[in-house]
Amino acid sequence: MEAIQTVDLTKYYRTGLFKRKNIKALEKVSISVDQGNIFGLLGPNGAGKTTFVKLLLSIALPTSGTATVLGHSLGQRALKEQCGYLPESHRYPGFLTALDTLIFFGRLNGMPESKLKDKAKSLLELVGLKDWAKVKTKKFSKGMLQRLGLAQALVNDPKLLFLDEPTDGVDPIGRKEIRDILTRLKGEGTTIFLNSHLLSEVEMICDQVAILNKGSVVRTGIISELTAQKLIYNIQLSSPVSDDLKVRLGHKHFSLEFKDTSLNATLKDKSELNSIIDTLRECGIGIEGMTQQKTSLEDYFIQLVKGENGR
Amino acid sequence: MRFWGMFRFTIGETIRRGTLIFYFVVATCILIFFTLGISHAPDDPAAVTVFGMQVQDPSQAGLNIVEFLLLQLHSSSVFWIILFGIFGVAGLIPGMLEKGTIDLFLSKPLTRAELLMARAIGATAGIAVNLIYFFVGIWLIFGLKAGVWHWGFLSSVIYVIYAFACLFSVVTIAGLLTRSAGFSILIAFSFQLISWGLELRERGLYLISDNVIYHRFLDTIYYITPQISAMLENSSRVIGNNPFSFNATEFTFMPFLYSLFSTSLLYGISYWYFSRQDY
């Protein structure tokens with residue numbers, strides 16, 4: 001079952017003195033997120049990532065298109081009751097302590113008063129702010145506010161968690177801790193929707209991603225599939241390739257690159273791989289290993305976005 | 001639960017505002033001043049002195065000396081109370097709309113109507129706490145020291161709170177439209193001045209032109225907007241008749257009723273606007 005299902009979700013912001021000028025934020029975005037997954041939404045600045053989340057949580061209102069979240073239409077109270085949200089730039093009342101902040105947001109989520117304090121304390125412990133429970137949030141650093149924000153998003157035990165740049169301003173140890181928390185939540189069945197610029201982190205924890213550019217989805221898929229370079233193989237051989245064999249393989253018009261006991265083959269289709277393997281075996285050369293070359297998500301993202309933008 | 005959560009939070013936020021803390025300090029100073037300054041004469045209110053001085057005798061106006069004092073205190077304090085109140089809470093709506101705050105509030109299972117009403121009622125309740133502190137304090141001092149338990153003065157606080165709640169509807173719509181505390185304050189004070197001008201239109205604005213349409217236009221504006229000036233004027237009439245008032249007439253509920261309609265209208269427009277905005 002899908003946690004999020006959007007069909008042609010479109011958002012145009014109206015600006016100008018008489019709101020006559022339309023600015024495209026999202027154009028016919030159709031995304032499907034499976035329950036229990038960690039889904040990453042990637043895109044350059046202004047691609048529409050935050051707008052997408054805002055539409056799902058009715059912070060902004062769609063121009064057209066439909067969406068369901070956990071089986072509920074947009075704007076329903078039941079939808080919000082089951083969601084947690086950490087916005088990109090969140091502000092907490094400076095006069096409240098960390099504990100009071102969580103209790104306040106727990107109240108807004110309709111949690112029973114009797115459970116609020118214990119829940120707030122356990123969440124502060126989870127995000128490493130146990131010793132700061134009685135300190136006013138105006139004294140918190142950015143990283144600490146980010147941790148508090150995560151705790152706030154978890155206060156109602158959400159089934160679906162929206163996180164917009166959750167590790168922004170957090171030190172490397174803190175980032176690792178947040179990743180661990182997210183992985184644990186995933187294990188408990190929580191669906192996580194992550195907006196992030198830190199592609200290395202997305203690569204580490206996300207099952208699926210979608211890439212937005214200029215308000216439109218340009219790719220969706222499983223990270224391993226997206227980052228697999230199409231048909232570039234590295235083949236580890238038992239012995240170096242003779243000149244004779246190089247000529248033989250060359251006649252078959254493969255694009256090959258030899259280096260001692262390995263060769264890189266760029267192929268047009270997978271049948272060519274079998275042909276290379278057959279030729280190597282005929283010549284008595286054993287194959288010790290073979291890997292399809294992969295690129296990092298960051299490289300893939302940059303190539304894709306540059307290509308889309310014609311740069 | 002959700003509504004009350006936001007309501008409680010707003011009261012807390014209002015009370016902690018620097019302006020209202022200042023108001024609280026000033027109110028406390030005034031209470032101490034009267035506690036120390038009013039002579040203890042519970043058996044003879046006419047013999048009440050302030051710091052040993054006999055207060056000017058207003059007997060010609062048929063006023064009890066304590067009543068006269070309470071009336072003067074009410075008239076002079078209401079303006080400052082409203083002033084502090086507006087300064088104190090004008091930032092509540094724009095503050096709620098700040099990026100990072102509104103995102104969090106709207107992501108919670110709280111409707112926009114509930115959110116707006118919790119802010120408006122919470123802000124009024126926050127001001128009411130301060131007003132009640134001052135009015136009840138004065139009432140107790142005069143009761144205990146002068147022996148006059150003036151229920152009219154005590155009940156006048158309800159009308160002042162009501163007038164403030166109506167004025168906050170103007171602050172709300174101004175805050176939603178401008179998203180600026182400064183503009184909200186400016187608009188609220190301008191509105192108060194306009195309200196005062198409209199209240200006295202027969203002696204002022206009417207004289208600009210004899211045109212009937214112009215007069216009807218002023219009347220319409222007067223009746224479709226909260227009648228702040230008239231309500232504050234009436235709130236003092238429950239204490240007694242002020243001989244120095246421009247409009248020395250009997251207390252009437254009409255401004256409160258008209259203002260209930262206009263305030264509801266303003267909150268309705270505010271909600272309509274708020275519910276259609278992207279944040």
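1. Buried area is the accessible area, taken with a 1.4 Å probe, that two parts lose on being put together, summed over both. In this predicted model, the area buried between chain B and chain A is about 2800 Å². Carbon and sulfur atoms give 56% of that area.

2. The interface brings 29 residues of chain B into contact with 31 residues of chain A. Between the two chains the count of salt bridges is five. A salt bridge joins Lys11(A) to Asp278(B), with the closest N and O atoms 2.6 Å apart.

3. On the side of chain B that touches chain A, the elements giving two or more residues are α1 (2–15), α5 (102–106) and α6 (112–146) of chain B. Of these, α1(B) gives the most, with seven residues. The composition of this side is nine nonpolar, eight polar and 12 charged residues.

4. Lys80(A) is buried but has no salt bridge. The nearest side chain of opposite charge is that of Glu114(B), 9.0 Å away; the salt-bridge criterion requires the nitrogen and oxygen to lie within 4 Å.

5. What lies 3.5 Å from a polar atom of the side chain of Lys80(A)? It is the backbone oxygen of Leu57(A). Beyond its neighbours within four places in sequence, Lys80(A) is in contact with Leu57(A), Ser58(A), Asn109(A) and Asn156(A), and also with Leu106(B), Ser107(B), Lys108(B) and Pro109(B).

Technical notes. Residues numbered from 1 in each chain as written. Chains lettered and ligands numbered in written order. Predicted model: local features only at pLDDT ≥ 70, side-chain atom pairs only at ≥ 80, totals over all residues. Heavy atoms only, no water. Buried < 20%, exposed > 50% of the residue type's maximum accessible area, 1.4 Å probe, protein only. Lys, Arg positive; Asp, Glu negative; His and termini not counted. Polar contact = N/O pair within 3.5 Å; in protein donor to acceptor, adjacent residues only side chain to side chain. Contact = heavy atoms within 4.5 Å. Helix = DSSP H or I, 4+ residues; strand = E, 2+ residues; numbered from the N terminus. Nonpolar A, V, L, I, M, F, W, Y, C, P; charged D, E, K, R; others polar.
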